[in-house]
Amino acid sequence: MFASIDEICFYRFYTPLVLFFSFYMPTMIPVWYWGETVWNLFFIAAMARYCVSLNITWLVNSAAHKYGDQPFDKYIEARENPVVTLLTTGEGWHNYHHVFPWDYATSELGYTF
C-alpha cells in the first residue's frame, strides 16, 4: 500500500509542528512582547495549559461515566453530562454514544458545540 504525499508530509511534520505551536510559541510570544521570563512562561503558558487540556479530556471517561442522566439505557454506566459536554465541546453525551456506537453524531441532537 502506497502513502500519498499528504500522508508523508503529515507524519513527517506532525511532531515538530506540535512542539512548535504547543510549547515554543506560547512560551516565546510573551517573552518577546512583554519581557516575561522563559521558565515562568514555559511552566504557566505551555505546561499548565497542556495539563488542564489533558485533564478536561480525561474528564469524559470519569465524570461522564459517573454523573448525569441515563435516558437511553439505564443498565450501563455511561451518562449524559451537559457540564462535560460544555468543557469538551460536545463529548459529554456518553450514554447515547455507548447505546448507538455506529452513530458518529455522538448525541441524539446531532450536533456538538
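This is a predicted model: local features need pLDDT of at least 70, side-chain atom pairs count only at pLDDT 80 or more; totals for chains, interfaces and linings use all residues.

Reader: Which backbone atom of Tyr67 does the side chain of Asn81 reach, and at what distance?

Author: The side chain of Asn81 reaches the backbone oxygen of Tyr67 at 3.2 Å. A polar contact is a pair of N or O atoms within 3.5 Å; within protein, one must be able to donate a hydrogen and the other to accept it, and residues adjacent in sequence count only if both atoms are side-chain atoms. The side chain of Asn81 also reaches the backbone nitrogen of Val84, at 3.3 Å.

Reader: What is the average pLDDT of the protein chain?

Author: The protein chain averages a pLDDT of 83, and 92% of the residues score at least 70; pLDDT is the predictor's confidence in each residue, from 0 to 100. Helices (H or I, at least four residues) are DSSP runs, numbered from the N terminus.

Reader: Why is Asn81 called buried?

Author: Buried means under 20% relative accessible area, exposed over 50%, and partly exposed in between (1.4 Å probe, protein chains only). Asn81 has a relative accessible area of 8%, and is therefore buried. Asn81 lies in the loop between α2 (38-63) and α3 (82-87). Leaving aside neighbours within four places in sequence, Asn81 is in contact (heavy atoms within 4.5 Å) with Ala63, Ala64, Tyr67 and Gly92.

Reader: What makes Thr85 buried?

Author: Its relative accessibility is 1%, so Thr85 counts as buried. Thr85 lies in helix α3, and its side chain reaches the backbone oxygen of Asn81 at 2.9 Å.

Reader: Why does Tyr24 count as partly exposed?

Author: Tyr24 has 39% relative accessibility, so it counts as partly exposed. Tyr24 is placed in helix α1 (residues 5-34). Thr27 also lies in helix α1, but Thr27 counts as buried because its relative accessibility is 4%. The backbone oxygen of Phe23 lies 2.7 Å from a polar atom of the Thr27 side chain. Not counting residues up to four places away in sequence, Thr27 touches Val38, Leu41, Phe42 and Ala46.

Reader: How do you know that Arg79 forms a salt bridge with Glu77?

Author: A salt bridge is a side-chain nitrogen of Lys or Arg within 4 Å of a carboxyl oxygen of Asp or Glu. For Arg79 and Glu77 the closest N and O atoms are 3.9 Å apart, and the pair forms a salt bridge. By this rule the count comes to one salt bridge. Arg79 counts as buried because its relative accessibility is 18%, whereas Glu77, at 52%, counts as exposed.

Reader: What joins the side chains of His94 and Asn61?

Author: A polar contact of 3.5 Å joins the side chains of His94 and Asn61. His94 is found in helix α4 (residues 94-99) and, at 7% relative accessibility, counts as buried. Among the residues that His94 touches are Val60, Ala64 and Arg79.

Key: Residues are numbered from 1 along each chain as its sequence is written. Side-chain values use heavy atoms; hydrogens and water are left out. Helices (H or I, at least four residues) and strands (E, at least two) are DSSP runs, numbered from the N terminus.
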